[in-house]
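Visitor: Could you give me a close look at the contact between the chains, and then follow the architecture outward from there? Please include the cut-off behind each term as you go.

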Amino acid sequence: MKITILEQNGNSLRFVLSGVSAPFANAIRRIIMAEVPTMAIDDVMMFENTSAMFDEMITHRLGLVPLTTDLDTYLLPEECDCESEFGCNNCRVSFTLDVKAEAELKMVYSGDLIPENADVSPAVKKIPIVRLANNQRLKLEAYARLGKGLEHAKWQPVSASTYKFMPIVEIDTKKCDGCGDCVKYCPKNVFSIEKLKPVVQNEINCTLCMECIRHCPIEPSPIKISHDKKTFIFYIESTGSMPASKLVKEAVKILERKTQSVIEQYKKVK
Amino acid sequence: MGTAEEKPTTGIEYECISCKEKVTAEQLAITPEIKCPICGYRVLKKVRPQIVKHIKSR
């Protein structure tokens with residue numbers, strides 16, 4: 001098993017995972033989406049809302065705001081000892097929001113949510129919540145807790161968690177007539193012309209669409225498209241809660257925990 | 001002779017659209033028709049009660 005990082009920009013990560021089976025890669029992909037815990041607002045105490053949007057709509061929007069998450073400091077409510085409905089300091093973070101529009105229109109942004117603890121704050125400050133007109137006011141207290149994407153989509157830490165097989169593109173130049181159609185019709189610029197014959201310049205971008213073979217005038221085509229069944233190119237894009245590399249590490253820990261519990265159960269039954 | 005009866009107030013308030021004065025539910029119950037006791041306008045708006053509302057962000 002081997003991991004090679006292709007690119008890492010801010011919240012997105014593209015890497016190659018080789019030497020694993022498809023179910024394993026899929027398990028990692030699914031756990032990143034649905035089982036890595038993230039912070040999101042779950043309860044709101046509305047003190048004053050004279051805006052044009054009703055209470056439930058505003059709280060729904062607040063719930064969807066991505067918050068920076070620190071998994072080491074906070075616990076999932078199921079695991080916390082307090083067992084209280086509203087949580088304690090170990091499993092809950094509070095925010096306040098108090099915005100009033102004076103003479104002109106004012107937009108309430110996610111950045112207006114003031115956290116009690118700066119470690120857990122909105123990942124993006126310019127998400128518009130609601131627009132206030134003259135003399136309208138929004139005053140509330142919001143409580144965030146850890147949760148998983150399984151329970152509600154607001155706890156999904158990624159906006160993209162996908163993989164594809166590593167493509168294998170080969171051209172038998174002896175059989176090729178050099179018409180150049182494959183270069184013209186490839187949507188991902190996998191081919192280019194060198195010395196009147198097509199060459200593979202960008203194999204990793206191939207999406208296995210087979211347009212090159214479809215347009216090739218020779219049958220059977222000298223182009224051979226296949227994929228490596230044990231190598232996967234992952235693309236993970238975090239919403240800002242945690243860096244994408246941390247998400248992958250947490251997903252692996254969760255997968256390990258799950259397999260351990262299955263092994264333990266098996267030993268008991270055996 | 002005896003002390004005046006104290007009726008419990010409901011605390012529900014309305015606001016007249018034109019003169020913007022606050023009117024309680026008891027003041028409106030005085031006359032059979034609903035109208036603002038100050039300016040006589042017949043359209044009133046209910047003022048949101050000062051209760052903290054707990055909502056789930058789901």
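Guide: Of the 58 residues in chain B, 7% count as buried; that means 20 or more other C-beta atoms within 10 Å of a residue's own, while 12 or fewer makes it exposed and anything in between partly exposed, with C-beta atoms placed from the backbone. This is a predicted model, in which local features need pLDDT of at least 70 and side-chain atom pairs count only at pLDDT 80 or more, whereas totals for chains, interfaces and linings use all residues. Residues are numbered from 1 along each chain as its sequence is written, and chains are lettered from A and ligands numbered from 1 in the order in which they are written.

Chain B has one helix and four strands, arranged along the sequence as β-β-α-β-β. Helices (H or I, at least four residues) and strands (E, at least two) are DSSP runs numbered from the N terminus. Among its contacts between residues at least 6 apart in sequence, 33% join residues at least 24 apart; a contact here has C-beta atoms, placed from the backbone, within 7 Å. Most residues other than glycine have a negative phi. Lys20(B) counts as exposed because it has 11 C-beta neighbours inside 10 Å.

Now to where the chains meet. Chain A brings 14 residues to the contact and chain B brings seven residues. On chain A's side, β3 (38–49) and α2 (55–63) each supply at least two residues, and β3(A) gives the most, with seven residues. Sorted by class, chain A's side has six nonpolar, four polar and four charged residues; Ala, Val, Leu, Ile, Met, Phe, Trp, Tyr, Cys and Pro count as nonpolar, Asp, Glu, Lys and Arg as charged, and the others, Gly among them, as polar.

β3(A) and β4 (residues 53–56) of chain B run antiparallel and are joined by four bridges, where pairing requires at least two bridges found by DSSP.

Axes are lines fitted to C-alpha atoms, for helices over the stretch in contact, and angles run from 0 to 180 degrees between N-to-C directions. In the loop between β7 (128–132) and β8 of chain A sits Asn135(A), a residue other than glycine with a positive phi near 65 degrees. Asn135(A) is exposed, with 10 other C-beta atoms within 10 Å.

Moving on through chain A, β1 (residues 2–9) and β2 (residues 12–18) pair antiparallel over seven bridges. Two residues lie between the strands of that hairpin, and Gly10(A) takes a positive phi near 60 degrees. β2(A) is also joined by seven bridges to β12 (residues 223–238) of chain A, again antiparallel, and Leu17(A) has Phe232(A) as its bridge partner.

β2 and β12 of chain A, together with α1 (22–34) and β9 (158–171), are what the buried residues of α5(A) pack against. Those buried residues are Ala244(A), Leu247(A), Val248(A), Glu250(A) and Ala251(A). The axes of α1(A) and α5(A) come within 9 Å and cross at roughly 110 degrees. That makes α1(A) roughly perpendicular to α5(A), a label for angles of 65 to 115 degrees (under 35 is roughly parallel, over 145 roughly antiparallel, the rest oblique). From α1(A), Ala27(A), Ile28(A), Ile31(A) and Ile32(A) take part, meeting α5(A) residues that include Leu247(A) and Leu255(A). This helix contact has ten nonpolar, no polar and no charged residues.

How values were computed
Two residues are in contact if their C-beta atoms, placed from the backbone, lie within 7 Å.
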